[in-house]
Structures are given as structure tokens and as C-alpha cells.
Amino acid sequence: MKVLADKNYDFNKIESKWQSLWEKENTFAVKNAVENKPKFYCLEMFPYPSGRIHMGHVRNYAIGDAVARFKRLNGFNVLHPIGFDSFGLPAENAAIKNKTNPAFWTRNNIDYMAAQLKELGFSYDWNRIVITSDPEYYKWEQLFFLQMFKKGLAYKKISNVNWCDSCNTTLANEQVEDGRCWRCGNSVNIKNMEQWFFKITAYAEELLDDLDGLGGWPDKVKTMQRNWIGKSSGLSLFFKVEGSEDNKDEIEIFTTRPDTIFGATFVAMSPFHPLAKKLIKTPEKIAELEKMTHNSLISKDISEKEGFFTGSFAVNPFNEKKMPVYIANFVLMDYGTGAIMSVPAHDVRDYEFAEKYGIEIIRVIKPATSGKEDERLPFTASGTLINSGEFDGLFSEEAKEKISAYAEKTGIGRKVVNYRLRDWGISRQRYWGCPIPVVYCEKCGTVPLNESDLPLTLPGDAAFTGEGVSPLKKLKSFVNVKCPKCGGNAKRETDTMDTFVESSWYFLRYTLLDRKEEVPFKGEDAAYWLPVDQYIGGVEHAVMHLLYSRFFVKVLRDLGYFKLNEPFKNLLTQGMVVKNGAKMSKSKGNVVDPDGLIKKFGADTVRLFVLFAAPPEKDLEWNDSGVEGAFRFINRFYRTVIAGSEILKDADGDADTNQNIKEIIYKLSRIIEKTETEMEGRYHFNTIISSSMELINEFNDFITGEARKETVLSKADKYLLKYFLNSVILILYPFTPHVCSEAFEILNGSLIENEPWPEIIDTGYVRENCNIAVQINGKMRDLIVADINSDESAVLKIALESAKIKKYVEDKSLIKKTIYVKNKLLSIII
RNA sequence: GCCGGAAUGGCGGAACUGGUAGACGCGCACGGUUCAGGGCCGUGUAAGAUUUAUCUUGUGGGGGUUCGAUUCCCCCUUCCGGCACCA
């Protein structure tokens, strides 16, 4: 007995029906390795459990779900997991406010957001959920830390670090944007303190080189990473300090412009340079130095170049020139050597400084081209050397080589490569993060925990007052501990790890099916699933998460976990969801809440709209009436299916069919092909959806329009129309899975998930004629109809009969030249 | 300042390697639906002129290559993003 389908589109009923079926049947659960099926790992950046899903999430996950469902239809074994990046500050701030443990707030948010994701109908394998604040997850992170510690890849040092007053913690360089905290936007100070670091700089060269192999990444992201790593090759030189005690003091400088060495007129040194104090001759200037270091600690921002003469001189080994040594606020201590040779004639910054303090300026590079512009100083381009002794006449590039070689030969310098990239500071002075598994013993010093003592869990009885130091530091029961080595008194490390550590390997954890197994993940599973075939997320993580993850994978590889070099094969960075041209935010009052929309229109409508309104890489302008348009289309689509299911009941596949039907089947075939092409990586779903709309419009013309009234549909016609309608349902299924599952069931009585992607069928249709554009001197003048595959002379003949063309070409002899593009265009030159 | 990216109707966008610019949707207008409204269906919708089955202009602006340019090249403007004393 056939269940009569609702005539009207009841999204509530349809969506809850399919969602509960998917959940009950475990439809999207996936095994590690399935024979005869290629694998596809589709991953979206997991959310921080802030409380509710926002439109940015909906867009991100709708894109990912479209890819995952499409790949499943196409016979792939698809891993499409989800989890929660659940350590982090908002939970702790909420804990301070509510005087509870961050775990409660986090748990509630995860439950709510997981329910929202289910209501949106995303096809995740929920069995593989990863929650990073669970000890069963961060335990392995602590293990990685210990292994890295043993290899020297995790180490502690005192340095100037970024400090956010509002978050009460330090930040990595990547997490400071425009001098402000990436999370809260507060301006960042500098603090001198002891911190744990991951030695990402050890991988700088590999991280840079391997970018070239990431063909599936946007150039933009690769460029950002390249700039962030900031490799530069140059020369480091030793300058003797004149008159220093026993002539021992030397200043090492770094330059990328050895060709300008003869133009150096002073040495500029960072106020933090170890020699700074020693070189200064007067007490007043020591005071000045202290003022300068103090100011540099308050703010990274140097609005005005400042400095002073130390009273000491350094000697340029190339020309024995005595150069004054200056302390300068714009010289960074943690890049290069903390001191530079200053060539005001050929460096903008040095020029500015020299002008201000009246230092000598010597030109040593002559422009290759002559012109007023190039006569001006500073001149920073390449050119020919002058005033440079034996190197005169050489061009910059050659001079760099020769001068560097000379320096190496004579032992006054060496070629070096510097990186802008700094080691990743991972210490955070907060509670809600992964504890660093280290103790400080009175006797043994810094001692790592034994692996068997992991996990080191967060204590549940910490107090969240929001005042003073981290809750962990104040908790004596946590801090006071026995040394794992000698059993003596020791104190625990109370810093926790940056939450970007969790997100650096969560995609590996997803591959582990049985979470009871005592491993972070299994090498064979990782080898099967990785690299991620399609990664989707916001571009804001271009140099944070995406760089850290690449680093982490290389470290785990070197720790012997697998042979993988790069985690993410293809990357799609989706644009923001904006309203009235601005990013949605509470302060702007332009937030659109998905819950209300799902209630009003259903998940399929919301998903369809976010995919239809713009291609994924562009920003998406929110538009309420656009959502209604998406809703209207789904209604129309549903009614079409209902009507179709009545009309196409007795479909059967033989005998001749009418030419009009063959024609729309032909059109369908082109759109199936186009969809396949788009789904290979461009992912312009908006064009696929608009094509589907066209197909539905065509279909409606057949079953309700004039065409139907004129023709009686044969069984074979109906067979093709049913194939047509089923194909459209399959094309739309990745975007609007609920209504398509329902539609497929109405039409076929079976599950769409068991159906393969539509094969293109050949109806034997051939286009009989085509429209050809006729141009006169490059301007479109007429559109004529010609037999398909006509040759040029036949088309020209038709064209010359056209009244519009005759107007321009009275006589064939006027034609100078013709260009013919078969079945498309004829261009006549007169 | 340096490095990227973008600019197409009233709006979101389409046009894949140069070949009929404006698909599809929104909005708007008119019409239909025993028509209050809504919904649904149909028609029209780049601009300007007009003798309305006609012509001109038109893809940020200016130049170039080409029979032909939204597409390729050069210059400029605006907007967005990244980096910003990294020597």
C-alpha cells in the first residue's frame, strides 16, 4: 500500500523524518579502509563551542557537506567528521562570571551546538567526534610534548613575549594582529618572562619548500605563509670595536645588501643588544638606554626613529673606516644579530635616521637607468657599484656574490640565511587548556612526567576569581608535587598549552575508530585517510592553524608516527557571511541567527541559500528575500516531484521517444558533466544550483505547460522523464539532502543513499540546427539558424540572405575576409 | 610604504581555453487565478534614443593587441585582505 505523500512541502516533517533515520541507521558511519572504494577525507575546521552555531559555521559546514555527500554518491569511502575545539578563554571567562568550572559551560555548549548541527542535517560520522578538552584527547598531546621535549623541540627560555592584559596571558607572534590580540582585540604589551616554545624554526626551510607542492591551496594562503616565514639570505659580518679591552669586542651584523658595504657610515644596535651597555661611555647615556628599553617593552609600535651615539666606534673591515656605533630603537634584537650596518644612501630607514642625527651619507650604487628619480637618495634598487674600491663597476647582484665570497675567504664574515619566523610560544597563563606535563624539582631541575603518569588532568577544584594569577598557580594541591625522578619536593608547571596545539592534530584523531584503544591514532589509519582531500575553513587561519598543523605533522613524522609530510592536500578558504557590507557581530546588531531561520524555512532552505547566493570563496551578502527565494524554489521542486510521481507512474523503457524529450535529456547531460567538473575543486555550487533550477523549469513545462497538452507521453517518454527528474534530485541532494531524500523516496520508493550518481545516457539525440552569430567588422549584427555542422560557405550563404546583413553587405565582392567558428559564429570583414 | 585580490543591471551573481554580455535568483512592473491580502501561475525588466520586428552606448577609468576583449598586455582610480621598521 503506497503512502500518499503530502501535497504540500512540510519541511518540519520531512527533515525530522530523515534526520532520525540517518541517526538510527548510522547512515554516515564509515569504516577505515573499504575494499573497491577510493577514500575521500572531507574536513571542515571544527568549531569553538561558543554557545551557538552562527552563519559562518552554517556556510562552512554546508560547503563541506555538499562535497561529502557528492563524493559518497560517486562511490567514495568518505570520512566526514566533526568535533569541538573546546579549550580556550571564553569558557574560563564564563567560569569566572558564573563561579563554576569551565567544563560545565563547555559541555552545555557542545550539547546545544551538536543538536544544531544535527538539525542542519550534516552528514557527519558522529561516532568519531573529538572533544579536545577531554583527557582522553589531551593526554596524547601531553605525550607528544614529552617526546618533543626529549628531542629538544619543546624548550623553555626567557624572552620578550606578547602579553594581553585583557586575556591575562601571553600570545604567539602569529596571534598578534596589528599589535592587537587576535581574540579580544586588546593592544598587546611586551613582557620579559620564561615561556615554553615549540621549535617551529627548525622546520622553517621545509615549511617553506613544501608550499610549492601544495597545488590545491589558494595562492593567497601560500603567499601569506611564505611572507610569514620570511626567508632572506645575506651576509653576516664582524666589525671590531675600536679601542675595546684587548681588542676583543666584535659586533656581528647581518645584511642582505653586501653590495652596499662601502656605503656603511654607522652601526645601529638594538637597545637589548648584550654589548650595548659596554659600549656606552657616559652614565647619562646609560639612563637613556634604560629609558629606551623600557619604552620598547611597553609598545611594539615605533612611531619615531630614535637613537644616540654610544661613544664607541666600529671598524669596517673592507675599508678600515671608523663608524660610530648608535643605539637605535628600530633595530630588533630577535632578528638577525640585533645589530646592523647602516647604509643611509641605500636604505630608507637608515637614511631617515642619518638625516635626523646628521650622519654622513655616501652613495655607492649608481642607478642602471638615468633619470631625475634615480638621482635622489635613498636609492634602494640594484645598480652599479661606485666608491667601492676594487668592486667598482660591478652590478649589485654580482657584487653581492663577490663581496660575500671575499668575506668568507678572509674570515671576516659568513653567508647566512635568516627567517622572520620565530619559535611558537605555547605557554598560556590560564586554567582552561592542556596542562604542560613538567615539574620543577629543587634538586633535578626541569623534569618531564613519566609517560605512564599521563594524563595530567586539570583539577576540578580550582577557584575562578578572575583575579591575580592563573587558578592553577593558586591551587596548592596541584602545584606541590613529588619529583618523578628523585621523589623530592617539586612544583608543577602551571602554564597550559596554547589551544592551537589541539587543533594541530585533531584531524589525525578522527581516523581512530575505537577510542578505547590506547593510542592517539593508528599509523595505518592515518596512512589510509591522510592527507585530507578537501579542507574547508576561514582564511583567518592562514598563518596560525594552517602553519602549526603543517609543523605538527612534520614533527610527528619525525617522531615515527607515519610518513606523511603535509596534512591538507586541497584547501578551500570560504568568504565571510556579511550583512549590510559588514561582518556579522553583536556590536553591529546585524547578526542572523540560524535557529530562527531553520524554524521558519527549514534547514534545506538555509543551506540552499548560503550555497546559492555566492561562490564559496567570496564573501556572502545576507539577503532575507533571497532566503525566501530559496524556499520558493524548494516548494516548487517538491510540487514538481509530487506531480511527476503521478504522471510518470507507468514509465517503461523502450520504443521511440519524442524529440523534445531527447533534447532536454541532452541538456541534462551537459549539466551532469558541468556538475562533475565543478565538484572536482572549483565548487561553484551557485552555478550548479542555477542549472538545476533551469532543469526543473524545463520539466515543469513538460508536465504542466504547452508541450504536454500537445503531446501524449508514451511509456518510453515517461521513462526518460523519470530518469531526468531522478537526476535532478541527485544533483541537488548534496545541497538539500532532506527534501531530496524525500523526493527520491516518493518517486522510487527507495533510499537515495543507495543510488549511484546519474550516468549520462545517449538517447541518440542530435541537434539538427544551431544559432550562429553573424558579425560585421566585429559587431554583432544578426543571429541566423543553420544546420548543425554546416561549413563556412553554407553559413555565409544564409547570412547574406538576411535583411540585416544585406544592409551592410550588398555585394559579396565587398567582403575582405571571413572568420568562421563552427556552430557558433561567422565574422565578416568588409 | 610593500605584496596580493577584486570592480559586470536597482541587488546577489553567470559567462570554463578571447567568439551571441547579463544565465539563475532577488527586487520591481503588468496581467491571470470566482481576484481582500498572501500564495501560486504567466509576461516584461542593462541604459539611452526611437518610426518600438530600429539604432547607439555598455562589464571601474584611459590606452593597446585582435576580425572580435568581462576575458590578454600597459597605465590609473576605488575597495578589500595580508605584512609593516625583519636590515
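The model described here is predicted. Asparagine 777 is found in the loop that lies between strand S31 (769-776) and strand S32 (779-787). Its phi is positive, at about 50 degrees, although the residue is not a glycine.

Asparagine 36 also has a positive phi, of about 65 degrees, and is not a glycine either. The loop that holds asparagine 36 runs between helix H1 (11-25) and strand S1 (39-44). Asparagine 36 has 6 C-beta neighbours inside 10 Å and therefore counts as exposed. In general, most residues other than glycine have a negative phi, and most peptide bonds are trans.

| Cis peptide bond | Omega | Loop holding the proline |
|---|---|---|
| Leucine 454 to proline 455 | about 0 degrees | between strand S22 (445-448) and helix H13 (471-474) |
| Leucine 530 to proline 531 | near -5 degrees | between helix H16 (523-529) and strand S26 (534-538) |

The model also contains an open sheet of four strands, in the order S6-S5-S9-S19, with antiparallel pairing. Strand S6 (169-171) and strand S19 (424-425) are the edge strands, each pairing on one side only. Within this sheet, how many bridges join strand S5 to strand S9? Eleven bridges join strand S5 (residues 154-164) to strand S9 (residues 188-198), and the two run antiparallel. Alanine 154 stands opposite phenylalanine 198 in S9.

Key
Residues are numbered from 1 along each chain as its sequence is written. Chains are lettered from A and ligands numbered from 1 in the order in which they are written. This is a predicted model: local features need pLDDT of at least 70, side-chain atom pairs count only at pLDDT 80 or more; totals for chains, interfaces and linings use all residues. Two strands pair if DSSP finds at least two bridges between them. A residue is buried if 20 or more other C-beta atoms lie within 10 Å of its own, exposed if 12 or fewer, and partly exposed in between; C-beta atoms are placed from the backbone.
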